[in-house]
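Q: I'd like to learn how to read a protein model. Could you walk me through one, feature by feature?

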Amino acid sequence: MTESDSRVPSPSYLAANNLYLDTAATEAADPDVVKAMVPYMLQEFGNPASVHTQGKLAAATLHQAREEVARHLGARTANVIFTSGGTESDNLAIKGIAMGMAARERNMSVSNDSESSPAAQARNEIVISAVEHPAVKESAYWLERNCGFRVLTVPVDAVGRVSLTALKTMVNHRTVLVSVMLANNEVGTIQAIRQISDIAHSCGAVMHTDAVQAAGLIPIDMAALGVDALSISGHKFGTPKGIGVLLLRSSLPYEALISGGGQERGVRSGTQNVAAAVAMAVGLRKSCRHMVSQSRDLANSARALADAVKQSVPNVQLTGDWENRLPGHVSMVFSDVSAEALLVELDVRGISCSSGSACAVGHMEASQTLIAMGFDRVSSKNSLRLTFRHPLTPAQIKWIVEILQASLSALTPKRHHITHE
Ligand code: PLP
């Protein structure tokens, strides 16, 4: 399970006249990660459940990968469940934990019969933040529609931070699960997860965090965060797409959503993808190796880019929390330019980036995250997100600002740019 020592080609998003600034959506697989996977598809291809030598080799590799993933995430080896990505990890966490807790309470009330505690029976509320990714939000609402749970949404402030005061009033003996993301995909805000976990646990609720955007950029330590479950996705830090991990505290009540042979502690049945587990271990190893200096450089690039945009572009407002923020993440809204049109203009000029809003059949929808942060509907449709996992040079920052100015001029010819001599 070693990395290849061959030279890594320079990422395509640093090519001249073309910048890929959408790493929060995905990025290229790391050649070292891909090379590390290959032997486990071609030579050591065994099924970890088989008793023969090939099976035992696969099981040993899987175990090694699990140990390494746990080590990089401050978790125990037994906590690591390999999945197909962030969406699956979030679904398994929200639905499986809520249903597991409900089943445990049903069993407790049956065994205690009439003496069962009313408080225990009443745990059917799921608290999520107003800025969760759809993988969490839709999983919670699915439980509300289909399984009798109730979803409560905790508000955020103008920079996207969860209100701890509001959270304290919402979490109580009826709360089964609290899910708040570690870092926001649209505006980069990092949440106070340790404090949120403490609030959840003070009422006996389970705490999950979606750490998909944070993984590979900031240290993740399951124990220090105090969470019971945590989701990550490999394609945000160099694995191919379709590879994820759910960290799940072993003693949690859990109702399996995928039934079968009982692999992955029965949480996620199905023959394990050993090569994908290796990719996850190597991807985390590589991104953790230089994380401190890399993150500092990314944060400096983001600050420099944000300052340059603010100085040179009128009618723009930076979004998110600039104190507690994902490195390599710059987000903004425009009061007078459609994000949909702006993305096309930027793309034509060589910048690939995205908006926080979802594009539904040809038209941009307002970002629920920005609305929750207090932006009006128009601004919430006009957001721009520039994300990168390699520091930008001063020349690249200058070029991005020039392209942004040219794109805005093409859309609003009467706009006056701020010029600096
Ligand atoms: N959660 C967050 C915060 C995300 O940003 C994403 C994807 O962008 C996901 C979950 C879903 O991850 P995946 O693409 O691996 O399904």
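Predicted model: local features only at pLDDT ≥ 70, side-chain atom pairs only at ≥ 80, totals over all residues.

Q: Let's begin with the ligand. How many residues surround the ligand, and which are the closest?

A: There are 13 residues around the ligand, and the closest are T87, D210, Q213, S233 and K236. Sorted by class, this shell has eight polar, three charged and two nonpolar residues. Helix α4 (residues 86–112) supplies the largest share of the shell, with three residues.

Q: Which polar atoms lie by an oxygen atom of the ligand?

A: Look at backbone and side chains separately. On the backbone side, a polar atom of G86 is 2.8 Å from a ligand oxygen. Among side chains, an N or O atom of Q213 is also found 2.8 Å from an oxygen atom of the ligand, and a polar atom of H235 lies 3.0 Å from a ligand oxygen. As for cover, the ligand on its own has 390 Å² of accessible area, and the protein covers 84% of that.

Q: Now the strands. How should I think about the two faces of a strand?

A: The general idea is that side chains in a regular strand alternate between the two faces of the sheet. Take β14 (residues 383–387) as a case: S383, R385 and T387 are on one side, with L384 and L386 on the other. Both of these faces are covered, and five of the strand's five residues are buried.

Q: Which strand is joined to β14, and does it run parallel or antiparallel?

A: Strand β10 (residues 329–334) is joined to β14 by five bridges, and the two run antiparallel.

Q: Where can I see a parallel pair?

A: Go to β3 (residues 125–129), which runs parallel to strand β4 (residues 150–154), with five bridges between them. E125 has R150 as its bridge partner in β4. In β3, five of five residues are buried: E125, V127 and S129 on one face, I126 and I128 on the other.

Q: On to helices. Is S379 buried or exposed?

A: S379, in helix α14 (residues 377–381), counts as buried because its relative accessibility is 11%, and the cut-off for buried is under 20%. Beyond its neighbours within four places in sequence, S379 is in contact with V333, F334 and L370.

Q: What about H201, and which residues does H201 touch?

A: H201 sits in helix α8 (residues 193–202) and counts as partly exposed because its relative accessibility is 33%. Leaving out residues up to four places away in sequence, H201 touches M207, G226 and D228. With D228 there is a polar contact of 2.7 Å between the side chains.

Q: Last, the backbone. What should I look for in phi angles?

A: Most residues other than glycine have a negative phi. R265 has a phi near 55 degrees and lies in the loop between β8 (244–248) and α10 (274–289). N315 likewise has a positive phi, near 55 degrees, and is placed in the loop between α11 (291–312) and β9 (316–318).

Q: How does accessibility class R265 and N315?

A: R265 counts as partly exposed because its relative accessibility is 39%. N315 is also classed as partly exposed, at 43%.

Note on methods:
Residues numbered from 1 in each chain as written. Heavy atoms only, no water. Near = heavy atom within 4 Å. Polar contact = N/O pair within 3.5 Å; in protein donor to acceptor, adjacent residues only side chain to side chain. Areas by Shrake-Rupley, 256 points an atom, 1.4 Å probe, with all protein chains shown as cover. Helix = DSSP H or I, 4+ residues; strand = E, 2+ residues; numbered from the N terminus. Nonpolar A, V, L, I, M, F, W, Y, C, P; charged D, E, K, R; others polar. Buried < 20%, exposed > 50% of the residue type's maximum accessible area, 1.4 Å probe, protein only. Pairing = 2+ DSSP bridges. Contact = heavy atoms within 4.5 Å.
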